[in-house]
Amino acid sequence: MSKGRSPEPLDFFIWTVEDVGLWLEEINLGSYRQVFEENGVNGEYLESLSMFTTEQILRFIRRCHMKWGDFITLCKELRRIKVACLKGEQEVHKPWWAPSCLLSVVFVRLAKRNRQSRVVSMKLEP
């Protein structure tokens, strides 16, 4: 993602720590941005929150010094993004790093056709 630009919701599970910080600002939880960065909370980590045990959730809340209500807001916003993606309400964009080539076209077409599966992005190095 480019600096200062909001991350694409469809790709939230590949968000960087910086992308998560931008998203926290967007959902009025920006006061947690620094502590999330210090703890390395990225999109993959946010994706795994839904599989946390109660003990892991409490440990996360303590480590990030979160209020319970703010944690609920975080979870609601994550759920909103996931539901919108599954319903096809999110616009599909090619990854920011993808070269304009046949592979990018195939990626976008597959993502549009199969919204219920998890879209996995890969960066190709020359």
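The protein has 6 helices and 0 strands, where helices (H or I, at least four residues) and strands (E, at least two) are DSSP runs numbered from the N terminus. Along the sequence the pattern reads α-α-α-α-α-α.

A note on the source. This is a predicted model, in which local features need pLDDT of at least 70 and side-chain atom pairs count only at pLDDT 80 or more, while totals for chains, interfaces and linings use all residues. Residues are numbered from 1 along each chain as its sequence is written, and side-chain values use heavy atoms, with hydrogens and water left out.

Now the inside. Of the 126 residues, 39% are buried, meaning under 20% relative accessible area; exposed is over 50%, and partly exposed is in between (1.4 Å probe, protein chains only). The largest nonpolar core has 24 residues. Such a core is a set of buried Ala, Val, Leu, Ile, Met, Phe, Trp, Tyr and Cys residues joined through side-chain atoms within 4.5 Å. Helices H1 (17–26), H2 (33–38), H4 and H5 (68–87) each give it two or more residues, and H5 supplies the largest share, 4 residues.

Leu46 is among the residues with the most contacts inside this core. What does Leu46 touch, not counting residues up to four places away in sequence? The list is Trp15, Val20, Trp23, Phe36, Val41 and Leu78, a contact being heavy atoms within 4.5 Å.

Last, Leu58. This residue sits in helix H4 (residues 54–63). Leu58 counts as partly exposed because its relative accessible area is 40%.
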